[in-house]
Amino acid sequence: MKTKWFFLFLMAISPFAFVSCDSDDDDNGGINVSEDVQRALRDKYPNAAHVEWGAKAGYYVAEFWENGVEFDAWFSTDAVWKMTETDLGVDVNKLPTTVKEAFLGSDYAAWMVDDIDKYEREDMTFYLIEVEKEGLRDRNLYYNEQGGLLKDAEDMPNDDVLPTTQFE
């Protein structure tokens with residue numbers, strides 16, 4: 001009797017054993033990314049691994065990993081690199097000393113750090129420190145490499161940093 005149940009069990013699960021595992025690595029998330037754009041990524045980041053492509057605000061965005069760190073590299077449709085976002089996690093010790101000291105000397109030093117990102121563009125490099133404190137609205141603090149506060153803004157939906165983001 002046990003053999004009969006075992007055989008029925010095997011028959012019941014066998015269709016699932018033959019389901020094909022489709023790799024999404026080659027379909028670029030349904031985005032048609034030109035070979036020129038893909039080559040531009042390989043030229044700039046030859047060690048990029050686990051690349052996933054997306055599109056945002058008229059740019060191609062390659063999300064990838066390199067040496068255990070997550071990056072988003074932005075390219076124009078004509079394969080020109082525009083910006084790279086590097087995820088630094090929540091550790092302020094990953095910031096340059098000038099930025100770390102400026103943040104720790106600010107009114108937000110006692111707030112909880114929610115995320116830190118480094119942005120590199122042709123015209124500048126800056127850091128975004130997202131902070132939060134219970135009972136208060138989350139803040140986005142933008143610092144230049146010298147530790148100067150570029151912008152202190154309330155965190156709003158859809159306030160993503162783009163290659164064209166300006167600081168007043």
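I will start with confidence. The mean pLDDT of the protein is 87, and 82% of its residues reach 70 or more. Over residues 1-26, however, the pLDDT is below 50, and this stretch makes zero contacts in the model beyond near neighbours in sequence. Where pLDDT is low, the predicted coordinates should not be read in detail, and I will therefore leave that stretch aside.

Now to the sheet. Eight strands form an open sheet in the order β1-β2-β3-β4-β5-β6-β7-β8, and their pairing is antiparallel. Because β1 (49-56) and β8 (149-154) stand at the edges and have a single partner strand each, one side of each is left without a neighbour in the sheet. From one strand to the next, the twist averages 20°.

Let us look at some of the pairs within that sheet. Strand β2, residues 59-66, is joined to strand β3, residues 69-75, by seven bridges, and the two run antiparallel; here Y60 stands opposite F75 in β3. Further along, strand β4, residues 81-89, pairs with β5 in the antiparallel sense over six bridges, and the bridge partner of D87 in β5 is D117. Then β5 pairs with β6, again in the antiparallel sense, over eight bridges, with V113 standing opposite V131 in β6. How many residues lie between β5 and β6 in their hairpin? There are three residues between them.

A helix also belongs in this picture. Helix α3, residues 97-104, lies across β5 (112-121), β6 (125-132) and β7 (139-144), and α3 runs at about 140° to β7.

Finally, I come to the largest pocket, which holds about 240 Å³ of space. Its lining is made of 17 residues, and K56, E85, Y119, D160 and V161 are those that lie nearest the centre of the pocket. Which strands each supply at least two residues of this lining? They are β1, β3, β5, β6 and β7, and β1 gives the most, with three residues. Sorted by class, the lining of the largest pocket has seven nonpolar, two polar and eight charged residues.

To close, then, the picture I would like you to keep is an open sheet of eight strands, with helix α3 lying across β5, β6 and β7, and a largest pocket to whose lining β1 gives the most.

How values were computed. Residues numbered from 1 in each chain as written. Predicted model: local features only at pLDDT ≥ 70, side-chain atom pairs only at ≥ 80, totals over all residues. Heavy atoms only, no water. Pairing = 2+ DSSP bridges. Helix = DSSP H or I, 4+ residues; strand = E, 2+ residues; numbered from the N terminus. Axes fitted to C-alpha atoms, helices over the stretch in contact; angles between N-to-C directions. Contact = heavy atoms within 4.5 Å. 1 Å grid on protein atoms, 1.4 Å probe; cavity = no way out; pocket = protein on both sides within 12 Å on 5 of 7 lines; lining within 4 Å. Points joined across faces, edges and corners; volume = space filled by probe spheres on them. Nonpolar A, V, L, I, M, F, W, Y, C, P; charged D, E, K, R; others polar. pLDDT = per-residue confidence, 0-100.
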